[in-house]
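I opened this entry to record what I looked up, chain by chain and then at the contact between chains.

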Amino acid sequence: MVQGPLRVDFLTVLADWISDPARWTGATGIPNRLLQHLGYSVGATLIAAAIALPLGIWLGHTGRYGNLAIQITNVGRAVPTLVLILLLFALWPFNVAVIFAALVALAVPPILANAYVGIRQVDPEVRDAALGMGMRGTQLLREIEIPVAIPLIMSGVRTSAVQIVATAGLAAFVGFGGLGRLVIDGVAKGFRGTARGLPEVVWGAVLIAALAVLTELLLARVQRAVTPRGLRRQATPASEIPSASTT
Amino acid sequence: MIDWAWIGRHTDDIWSATREHLVLTALPVLLGLILAVPLGILATRTPRLATPVLAVSGVLYTIPALAMFVFMIPFTGLTVTSAVIALTIYTLIVLVRATIDGLASVPRDVREAAEAMGYRPAARLLRVELPLALPVLIAGIRIATVSTIGLVAIGVIINVGGLGRLVYSLGFQRNFFMTPIWTGLALIVALSVVADLALIAVERRLTPWSRGR
């Protein structure tokens with residue numbers, strides 16, 4: 001533990017730790033941890049989107065069973081991801097699919113709910129106009145409903161991706177890498193004196209947080225880019241209460 | 001699959017872990033509420049403050065829980081205090097937004113009517129605006145409570161108690177002994193559901209005018 005207030009020598013210790021060349025090479029180096037972290041995150045986000053987007057859009061398009069699906073996924077949100085990882089790992093030891101399964105379970109509810117709500121919220125007059133123009137079924141979905149719902153759909157993907165990046169650190173709990181490894185290893189080394197586990201813990205935490213913020217910023221740009229031009233000037237809802245935790 | 005005899009022998013452990021989990025949830029939610037409501041009111045009164053407050057809380061919310069817990073270690077060590085501070089930061093974020101949104105949800109004509117009836121700003125806030133903001137505020141408290149119940153489990157990394165300890169120390173670390181894992185999971189889900197239902201009941205109590213609608 002640092003005695004008293006944070007002192008300059010603590011910052012020096014932090015700088016020394018990260019500038020050590022040994023941190024930047026090999027299996028335990030930061031680049032490899034970052035790659036593992038990104039692998040879990042990108043993989044889980046893609047799987048979650050592949051499951052939740054078609055389902056949410058279809059439920060929104062038909063308007064049936066939507067609330068039921070959202071209720072079911074909401075109950076699932078009460079299960080903390082760490083507990084889910086520990087449970088699945090105990091059932092299937094040393095299987096990396098456990099990490100993907102837990103992260104996908106975390107990410108499906110926001111994507112599903114936003115896709116469903118996005119499609120449902122398409123202005124009925126817009127839909128009627130499209131029907132009046134002779135559009136039907138998939139054409140209505142492809143040319144009207146999905147483009148109009150894109151901002152909400154993408155904000156669900158963004159929420160989920162940020163949560164996944166933030167949560168993928170838990171993979172290290174069960175011996176899989178990722179940036180969480182730095183935090184876990186540092187805690188295991190203890191904190192007596194600044195030179196021991198502390199710099200590792202702090203850098204691990206900073207890197208995960210930075211990656212989460214970067215993901216948020218990047219996907220916010222993607223969201224803008226895929227929004228049809230006519231919808232861009234419309235303000236997005238000013239303050240959305242975050243819908244779930246970064247468990 | 002479940003060793004019921006183990007549960008019978010360890011009711012004390014299970015009970016104390018549940019109690020710790022409740023305290024580690026209730027404290028951050030209450031502290032967050034005490035800090036968030038004045039902050040939210042302030043941000044609503046001075047619109048110049050609202051944007052920075054929301055921006056800062058948005059950034060704080062992206063900080064992973066794992067990181068938030070360990071950020072506290074240099075200051076407060078591997079203690080319950082660290083966990084409570086970290087969890088309070090999360091509840092604060094949700095509750096400040098809920099307060100701002102709640103106050104914004106009060107219809108303008110209601111506010112003007114209250115003013116015309118001679119309410120001074122403080123009285124108008126206490127007797128008209130805050131009560132009408134309650135549904136949105138309580139929706140925020142529900143989100144904060146249920147997510148905190150989940151986040152407490154991550155506290156095992158800094159060795160605070162709660163049901164995470166039951167799952168991790170008594171189950172996972174003892175050769176994947178499933179009984180405490182399932183027990184902890186079931187109790188966490190049960191706590192979330194009960195807390196959510198209790199808060200819905202509180203809302204119905206506090207907003208009798210919205211009943212029957």
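**Chain A: burial and fold**

I checked burial and found that 43% of the 247 residues of chain A count as buried (20 or more other C-beta atoms within 10 Å of a residue's own, with C-beta atoms placed from the backbone). This is a predicted model, in which local features need pLDDT of at least 70, side-chain atom pairs count only at pLDDT 80 or more, and totals for chains, interfaces and linings use all residues. Residues are numbered from 1 along each chain as its sequence is written, and chains are lettered from A and ligands numbered from 1 in the order in which they are written.

I listed the elements next: chain A has 10 helices and 0 strands (DSSP runs numbered from the N terminus, H or I of at least four residues for helices, E of at least two for strands). I then looked at contacts (C-beta atoms, placed from the backbone, within 7 Å). Of those in chain A between residues at least 6 apart in sequence, 73% join residues at least 24 apart.

**Confidence**

I read the pLDDT (the predictor's confidence in each residue, from 0 to 100). Chain A averages 85, and 89% of its residues score at least 70. Over residues 235-247 of chain A the pLDDT stays under 50, and I noted 38 contacts beyond four places in sequence for them in the model.

**Contact of A and B**

I found 36 residues from chain A and 42 residues from chain B in the contact. Helix 10 of chain B gives the most to the side of chain B that touches chain A, with 8 residues.

Methods
Contact = placed C-beta atoms within 7 Å. Buried ≥ 20, exposed ≤ 12 C-beta atoms within 10 Å, placed from the backbone.
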